[in-house]
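I opened the model to look up two things.

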Amino acid sequence: MPDPLRCCAACGSPTPEIVVLGGLRRSRCLSCHHSQRIDVETFDYAGFAMGATGAAPERVAAQADFIGAEAFAGARALEIGCAAGDLAQELRRRFAFAAYHGIEFSPARDVAARRLDRVFSASLEDLLASGEVQAETYDLVLSSHCLEHLEDPSVLIAAMKQAMKPGGSIFIETPNGGGHPRLSFDDNRTHLHFFCASSLTRLLARHGLESFKVETGGRLDARYSDSLRLLARPLRTFAPDPSALSGHPLLARTDRLVVWGAGRMVDEMLAHFFDAARIAFFVDKDERKQGGLRLGRPVKAPHAIDTGEGWTVLINSIENEQAIREEIATRFYRRVCRVIALSELLD
Ligand SMILES: [Zn+2]
């Protein structure tokens with residue numbers, strides 16, 4: 001475990017500030033604003049009945065709404081610290097999961113066992129080491145109000161990433177700073193870490209995880225009415241993908257088309273995300289562009305559309321979309337059967 005006196009457990013920055021609150025020391029990172037207890041009191045989780053708060057229907061519904069499309073029929077899910085299984089029950093009401101597993105140490109696991117397919121009572125690190133949980137098994141790995149209790153949250157993040165399929169995602173909820181908009185800090189003695197959006201996203205980034213949806217203000221209960229919710233996935237590598245735009249269903253019945261607009265969007269969009277073999281030619285009103293080649297296809301004046309008929313025209317411009325639409329409707333309506341805009345392929 002990283003020494004909180006020396007470096008930040010979230011971002012790894014050296015020499016955090018030390019503050020004393022309620023007679024106990026904690027660090028505060030000047031780089032990511034993460035706070036961590038230095039003086040820790042022991043707490044018996046196994047004898048503590050978790051799950052009494054945060055089970056309100058509107059709260060679990062808000063969590064499920066936030067998770068959105070990351071939960072889906074046929075998915076496999078693992079929830080660390082599933083308490084009595086209230087979130088699991090709500091998500092399973094919405095989707096027919098292939099499997100929904102949980103981990104819970106408190107007596108609430110007996111209730112959870114009736115709501116989930118399986119509830120473990122060992123740490124995810126141990127389950128992965130023993131083979132009870134296989135690596136790259138789950139589409140969705142969840143942890144709600146658990147991370148702040150752990151000595152080294154980085155260990156759990158590493159295990160969550162290991163249990164997640166390469167295309168999967170992670171959901172985390174934790175108090176946001178003090179956990180209440182009017183309270184500047186949280187002195188819950190079982191909380192060892194005090195995350196904020198910057199510190200949690202940086203902790204995940206150190207594990208190669210990209211936080212793609214972050215929200216504050218999630219209500220757990222009256223004390224923690226400001227919770228931080230986050231969805232993360234493995235950082236995507238940069239890769240051109242011609243099917244990203246030319247594979248759009250709007251173009252499914254189109255063999256070759258005319259692209260209106262041979263400007264910078266050719267290099268910035270089409271070169272990376274559009275199959276040039278689908279392009280018959282470009283048209284552009286800028287005479288300096290006419291006569292040249294873009295993506296190996298000729299650039300012509302707009303009246304070249306008159307040399308054929310039944311064209312599908314792709315408007316390769318965001319700013320001038322409406323003006324080009326009007327020009328096609330006025331001048332080329334006999335020759336053009338369909339107009340599709342880049343904006344439609346991006347939606
Ligand atoms: Zn930090």
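**Helix H9**

I looked up the buried residues of helix H9 (residues 321-331) and found Glu 321, Ile 324, Glu 327 and Ile 328. They lie on the same side of H9, because they cover an arc of only 130° around the axis. I took the arc from the directions from the helix axis to the C-beta atoms. Buried means under 20% relative accessible area, exposed over 50%, and partly exposed in between (1.4 Å probe, protein chains only). Helices (H or I, at least four residues) and strands (E, at least two) are DSSP runs numbered from the N terminus.

An α-helix has 3.6 residues a turn, so residues three or four places apart point the same way.

On the face turned away from the buried side, H9 carries exposed Ala 329 and Thr 330. I then checked the cover over its buried residues, which includes strands E12 (257-260), E16 (311-315) and E17 (336-341) and helix H10 (342-346). Contact here means heavy atoms within 4.5 Å.

**Zinc site**

I listed the protein donors of the zinc ion: the SG atoms of Cys 8, Cys 11, Cys 29 and Cys 32, lying 2.3 Å from it. Donors are N, O and S atoms within 2.8 Å of the metal (3.2 Å for Na, K and Ca); water is not among the atoms, so sites may look incomplete. The site is tetrahedral, with angles of 104 to 115° among the four donor atoms. Four donors count as tetrahedral if all angles lie between 85 and 135 degrees.

Cys 11, in the segment before strand E1 (17-21), and Cys 29, in the loop between strands E2 (24-28) and E3 (35-37), are 18 residues apart. Cys 11 is buried at 12% relative accessible area, and Cys 29 is buried at 3%.

**Basis**

The model is predicted: local features need pLDDT of at least 70, side-chain atom pairs count only at pLDDT 80 or more, and totals for chains, interfaces and linings use all residues. Residues are numbered from 1 along each chain as its sequence is written, and side-chain values use heavy atoms, with hydrogens and water left out.

Definitions and conventions. Four donors count as tetrahedral if all angles lie between 85 and 135 degrees; four count as square planar and six as octahedral if opposite donors are over 155 degrees apart and all others between 65 and 115; anything else is irregular.
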